[in-house]
Amino acid sequence: MAKKKKKRRIRPLALCVFRRGDKILVARGYDAVKDQTFYRPIGGGINFGERGADAVIREVREELDAEVVDVVCLGAFENIFVYEGKAGHEIILIYDGRFTDPALNEDDALLEGEDDEELLYQASWKSLDFFRADDAPPLYPAGLLELLDS
């Protein structure tokens with residue numbers, strides 16, 4: 001019997017840019033195939049029938065056990081990429097929001113996103129200038145820095 005080919009799909013995502021002055025909260029990622037560190041805002045998949053803003057609130061609650069308020073849509077991106085050697089395609093809604101717990105806004109806060117007690121990511125505050133440096137690791141989705149600068 002022939003092996004059934006898995007249908008590739010576009011993944012809808014909602015990410016939240018938490019801003020504090022010239023800093024944003026970003027999760028560090030690593031692509032072993034490219035040997036590349038990268039960063040992106042936190043958030044996750046949008047479920048069928050769920051609004052993007054609600055997805056941000058749910059994902060942050062599930063992964064960080066934190067509450068988010070003042071969620072406002074900043075824009076949208078289409079992201080076609082290769083990660084760990086596999087092609088991906090995402091439609092990403094970018095939101096602005098803030099934590100209800102002020103302790104999460106401290107410079108030394110290292111937030112660990114977990115799902116079923118598995119570490120998904122570590123997030124920390126980075127200056128936007130960090131991403132403007134010539135040798136800076138990428139900030140994804142591509143175009144996000146320009147959106148935040150506008």
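Among contacts between residues at least 6 apart in sequence, what share joins residues at least 24 apart in this protein? The share is 63%, where contact means heavy atoms within 4.5 Å. Let us walk through the structure and meet some of these residues.

A few words on reading the model come before the tour. Residues are numbered from 1 along each chain as its sequence is written, and side-chain values use heavy atoms, with hydrogens and water left out. The model is predicted, so to speak of a local feature takes a pLDDT of at least 70 and side-chain atom pairs count only at pLDDT 80 or more, while totals for chains, interfaces and linings use all residues.

## The overall picture

The protein has three helices and eight strands. Here helices (H or I, at least four residues) and strands (E, at least two) are DSSP runs, numbered from the N terminus. Read from the N terminus on, the order is β-β-β-β-α-β-β-β-β-α-α. With a radius of gyration of 16 Å, close to the 15 Å that the globule rule gives for 150 residues, the protein is as compact as a globular protein of that length. That radius is taken over C-alpha atoms, and the globule rule is 2.2 Å times the number of residues to the power 0.38. The C-alpha trace spans about 60 × 40 × 30 Å along its principal axes.

Of the 150 residues, 38% are buried. Buried means under 20% relative accessible area, exposed means over 50%, and partly exposed is in between (1.4 Å probe, protein chains only). The accessible surface comes to about 9500 Å², and carbon and sulfur atoms hold 49% of it; such areas come from the Shrake-Rupley method with a 1.4 Å probe, and for residues only the protein chains shown count as cover.

The protein carries 21 positive and 30 negative side chains, and the centres of the two sets lie 10 Å apart. Lys and Arg count as positive and Asp and Glu as negative, with His and the chain ends not counted. The place of a charge is taken as NZ of Lys, CZ of Arg, CG of Asp or CD of Glu.

## How the strands pair

Two strands pair if DSSP finds at least two bridges between them. The table gathers several pairs, each with one facing couple of residues.

| Strands | Direction | Bridges | Facing residues |
|---|---|---|---|
| β1 and β6 | parallel | eight bridges | Phe 18 and Gly 97 |
| β5 and β6 | antiparallel | 13 bridges | Asn 79 and Glu 90 |
| β2 and β8 | antiparallel | five bridges | Val 26 and Ser 124 |

β1 and β2 have two residues between them, and Gly 21 takes a positive phi near 65 degrees. In the hairpin of β2 and β3, four residues lie between the strands, and Asp 35 in the turn has a positive phi of about 55 degrees. β5 and β6 form another hairpin, with two residues between them. Its turn holds Glu 84, whose phi of about 55 degrees is positive, and this residue is partly exposed at 31% relative accessibility.

Asp 65 also has a positive phi, near 55 degrees, in a residue other than glycine. Its place is the loop between α1 (52-64) and β5, and at 70% relative accessibility Asp 65 counts as exposed.

Ser 124 lies in strand β8 (residues 118-127) and counts as buried because its relative accessibility is 19%.

Phe 131, in helix α2 (residues 128-132), is buried as well, with 8% relative accessibility. Leaving aside neighbours within four places in sequence, Phe 131 is in contact with residues including Ile 24, Val 26, Tyr 39 and Leu 145. Phe 131 and Tyr 39 are 92 residues apart along the chain, yet their C-alpha atoms are separated by 9.3 Å.

One last stop is the loop between α2 and α3 (144-149), where Pro 141 has its place. A cis peptide bond joins Tyr 140 and Pro 141, with omega about 0 degrees.
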